[in-house]
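Have the 3D view ready.

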Amino acid sequence: MRDVVVIGAGHNALVAACYLARAGLDVEIVERRDVVGGAVSTVERFDGYKMDVGSSAHIMVRHTGIVEELALGECGLTYIDMDPWGFAPVSADPTAVEAEATDAIAFHIDLDTTCESIARVCGAAEADAYQAFATDWGGRNQRIFELFQEAPTMVNMGRRMAGLGRRAGLSSLELSRQFLTSADALLDEHFTDERLKSALAWLGAQSGPPTHEPATADLVGWNMVMHHLAPGRAVGGSGSLSVALAERFRRYGGTIRLGDGAAGITTAAGRTSGVLTESGDHIAAQTVVAGCHVLTTLSLVAEHDLPSGFAERARRTIRTGNGIGMVVRLGTSTLPEYPGSLGGAEHHAMQLLAPSRRFLREAHGEFVAGRPPSKPAALAMAFSAIDPSIAPAGKHNITVWGQWHPFELSNGEEWDTIKEREGQKLIAAVDARAPGFADSVEHAYVQTPLDLQRELGLVRGQVMHVDMSLDQMFSWRPMPELSGYRMPLDGLYLTGASTHPGGGVFGASGRTAARIVLDDAKPSVMARVSRDVKARLSR
C-alpha cells in the first residue's frame, strides 16, 4: 500500500508530490498523458520545434521559493530572465480603437528604465505617475504573495490584509475600496494617457476577467512585482519546470505512472482507499491528492461517498465560465518586427498587441455574446529569440495567445470547423502591429478552447480551471467548503489551479496541500519519517 497517490502530473501536483516524498512518504503519481506537466509541458509539434502545450512565461513560481527549496537547478532547470517583460506597440493617437502602431512602451525589470520608456512616449508626468504606482502596488503585492502561499483561512486573510493597510497608511475602508474597484477605474485614477492604460489593462486581463469589471484592480496592480523579480523563460520550453520537478520527485524515491490515468477513487470504511486506474489496476493508498480539475475530481468519486447533495451543489456552484481563449503555435522564418524596436530585446517580452481599452471591451462583448471575436486581442511571445534550442537553426518558435474566445458558440458554428479560420485571425493580429509577419509563418498549430479541454482536461477550455472572479478566490475558491484543500471524504485532498491561489504557473497550491496532508497524517504514517527529514521540512 502506498502512503499517497497523486492524481495528475500537472506542476502543482508534482510540487505536492515532491514535498510529500521529501517528508519520507511513499508516493505514486498517475497521469493519463505520456508526458508530465499538464498545461506546463512542452512537446514537438513540427520537426525541430519544441512547442509549449499550455503556459509559456513563468512569473509567480519565481516568487515562491519553490525552485530553490527543491533545488530544481540540480535537476536541469535553468531560467532566462525576461527583460523587458512587457512590450506594447502603440499608435500616435491614444484614443484610436485601431490604428497603425508607430512606437512602443517597454516594461523593464528596472523601474527607472521603464519610466524612461513611458516618458519618451507618454510624457514625464505619466512616467512619474507610473513610478509611484509601481512602488505602491508592487509593495502591496509582495505582501499579498505571502497570503498566496498559505491556506486562505479568514484568520490568515485578516492578518495579511490588516498588515497591508498599516504599511500602506490606509484605513481599512480605503484599502478595501481600492481593491474592490475595477482595474479601469484604478488606471483612470492614476494615469491620463490611454496608450499606457491600454497596455496595463491588457496585461491585467490575462487572468480572464476584463478590467472594466468590479474587484479587478489588483489584476493590474500585482504585475508591478515584476519590477522586483523578472518573469522567467525556462530553457528548453515551459515543460522544463515539470521535467525538473519529476526528476526531483524520482530522486526522493517517488514513482510516476504515465499513460494510465485515474478512472476512479475508491473508498473503504468511510475513507479513501486508493485509486483505480484506466488500465484496471488498483493502487491502494491511505491518502489521495487530486491535482486534476475539481469537477473531474468530483466525477471520480461515487456520489454516495460524499455528503448528501454535495456533488450536485458543487457542480452548480463552481463556475468555469465559457472558456477564456485559444492559442496558435507558429514556426516562422523570422521574428515579428515592431515599431519602437529595442534592437531585438522586445522579443524577450510578452508582446501586448491590444491597441486600446475600447478594442478590448469590444472583443469581450463578442465573447459574452458567445461569438468568435471579429478581431481578437492578442499576446505574442517569441522565446526562440532568447532560447534557440526550441526551434531549428535560422527559424523561430512563436506563441500567440488570443483571449476571450468562447468555448460554447452561440452562432451555430463548431470549433473543429472554424479553428483554422480563427487561428489565421490571431496571425493577422500580430501582422497588424508587425506588418509582414504573416508572410513569415511556415507552420501553424491551432489550439481552440475545445482542444484545450480534450488534450489537457481543462473543463470548457478554462485555463484557470475556475473563473478568477472575486467570489471564487481566496476563501471562496473553488467554493467555501473546499477552500481548505480537503474534500468532504476522509483522506482525499485537492491541489491545482482549482484551488487557492488559482491559475498560472505558481506551485503554491501544491506546497500548501502537501503541508496540510502532512499536518493531518496519522502518527502511524509519520512515525516512519526520520527525525532529520522532519527537521528539514519544518525549516
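Start with K197, which is buried at a relative accessible area of 7%; buried means under 20%, exposed over 50%, and partly exposed in between, using a 1.4 Å probe and protein chains only. Its partner in a salt bridge is D188, with N and O 2.9 Å apart, and D188 is partly exposed at 41%. A salt bridge here is a side-chain nitrogen of Lys or Arg within 4 Å of a carboxyl oxygen of Asp or Glu.

A quick word on the ground rules: this is a predicted model, where local features need pLDDT of at least 70, side-chain atom pairs count only at pLDDT 80 or more, and totals for chains, interfaces and linings use all residues. Residues are numbered from 1 along each chain as its sequence is written, and side-chain values use heavy atoms, leaving out hydrogens and water.

The whole structure holds 41 salt bridges. One of them joins E74 and R248 at 3.2 Å, N to O. E74 is exposed at 57%, while R248 is buried at 8%.

The largest nonpolar core has 70 residues, and F107, Y130, L200 and W202 touch the most other members. Such a core is a set of buried Ala, Val, Leu, Ile, Met, Phe, Trp, Tyr and Cys residues joined through side-chain atoms within 4.5 Å. Apart from this core lies another, of 43 residues, including Y19 and L241. In soluble globular proteins, nonpolar side chains tend to be buried together.
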